[in-house]
Amino acid sequence: MTPPDAQASTPRTWKKPPFIANPLLRYGLILVGVVYLVWAFGSLPFNWERIAEGLPRAGRIFGGGFPPSLERYELLITGFKESFQIAIMATLLGVLLSIPFAVMAARNIAPMPIYIIGRAVIIISRSFHPVIVAILFVAAVGFGPLAGILTLILYSIGFVGKLLAEEIEEIDWGQVEAMKAAGAGYGAILFYAVFPQILPRQVGLSMYQLDSNLRASAVVGIVGAGGIGSTLMNAFGRYDYDFAFAILLVIIAVILISEGISGWVRKKIW
Amino acid sequence: MLEITNLVKRYGHDEAVLKGLDLKVEGNSVVSIVGASGAGKSTMLRCINRLVEPTSGSIKLNGNELVHLRGAELRRARRKIGMVFQGFNLLDRLTVMENVLAGRLGYVNLYQAISRRYPQSDIERAFVLMERVGIAHYANKRADELSGGERQRVGVVRALMQEPDVLLADEPTASLDPRTSEQIMVLLQSLASELSLPVLINIHNVAQAKTYTERIVGLRHGKMIFDGLPADFNKDALDAIYGGIDAPDDAITDTPAEEHAHDSA
């Protein structure tokens, strides 16, 4: 041990070690980032004339949107009813279906070939944005809510299935061992040692997914998959801007309310 | 009767954890297995109910070979081997009763298991056993609301629900405070004689092993180096098992352990 007075003459300083230790790499990366940004802005075809022409049009749309009008509220209610139906159906079915896929995609309880199938299903259903899936389903089953429901089921399987599989991989394995030691079969082990452990997460994810499906149902409606999105698209198509703005405001209100409710429920069951 | 012959367990290509163990447990004797961490106590116990796959050797329970069983046969054999765990391994979010009945999962079908429609006799047995260990009034409480000692009682009752032919206890008292752990040892000891059940207990606490069990088996580096009565378990045996270093915990209070502690201090 060095005596304390040996160090007293030179005050010791401390600085947080840099995130990237190598200074060459650190400043090199910053330089690359700056150069790329400059190049990207310089080379992308921004047509300033068109943008200048568009600005008054945007002004007209916003001007036409105020004050928002709820005169055609029946259409709004029909659209929202359909959106809710799509979101609730898709959440129920999607969450139910996500359970078997999550079990299949959990490395600790699924044998290798099953695991690969489970992961593949989840990865595929996660690789496309709902809008792209909706375009495919609209082409396959026609305009309307069925396409929306199918889209959001796939979306829910991908999202809930993935998070649930990760949750299963992190369960307390001791409970599974205890059930094995008692001579329980695979099914009984799932229902006694696995599902109760992931239940709170499952309920939380379902609430979150309902919320998220409601939002997504508005988006997929725009490409023809039914719901409030279709109503909104029609309103814009008919230059009915004041109604379109009313729809947007109501969407915001509904999302806010549903987020509040789902957050409250998730806190309650945790 | 449990008969282990030349049991070897090797993980991958590492040195074997168990190097040819032989052990015979008969009648309703309570056997404690002592040894330093890594001596292979836990591995040996887990080989018996095949939570760990033995590399070679033979394990017979009442004449039935356990080592090569698979699938449904293995599950049928496991029903007859109760196990109590150090961390209790209860189904935390389920009720005490569900935990206890889970001991019957090897006997009921999946529908009965999911719908909790266990046979009347199972429910009766559950209440009798829970009353015996004093947890019957917790039947509908969630398992994670209980204290450590109560939780381990649930673990013991769950194992006994299996109507086992042998009970394995893997450091059942290591997570408990000293007084509670004494209570659990007393409980295991008396249950063994009441149900005429052989019990194997892995234990770190040598004092408890000497007090509550009638035979001590000492493991070191995967070999059995002591097998005898608690009265014969002296300082030499202790040194041999723990390698001349201090015994862990408050191991021995009624032998020259104190001198020993001073020596190396």
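I began with the rule that two strands pair if DSSP finds at least two bridges between them, where strands (E, at least two residues) and helices (H or I, at least four) are DSSP runs numbered from the N terminus. With that in hand I looked up B:Leu2, which stands opposite B:Val25 in strand 2 of chain B.

I noted that this is a predicted model, in which local features need pLDDT of at least 70 and side-chain atom pairs count only at pLDDT 80 or more, while totals for chains, interfaces and linings use all residues. Residues are numbered from 1 along each chain as its sequence is written, and chains are lettered from A and ligands numbered from 1 in the order in which they are written.

Next I followed the sheet of chain B, which is open, has 4 strands in the order 2-1-4-5 and pairs in the antiparallel sense. Its edges are strand 2 (18-25) and strand 5 (64-65), each pairing on one side only. Strand 1 (residues 2-9) joins strand 2 over 6 bridges.

I then turned to where the chains meet, counting residues as in contact if their C-beta atoms, placed from the backbone, lie within 7 Å. I found 19 residues of chain A in contact with 21 residues of chain B. Helix 8 (173-181) and helix 9 (186-222) of chain A each supply at least two residues of that side of chain A, and helix 9 gives the most, with 8 residues.

Last, I checked residues 86-110 of chain A, which are 76% helix and 0% strand, with end C-alpha atoms 32 Å apart.

Definitions and conventions: Contact = placed C-beta atoms within 7 Å.
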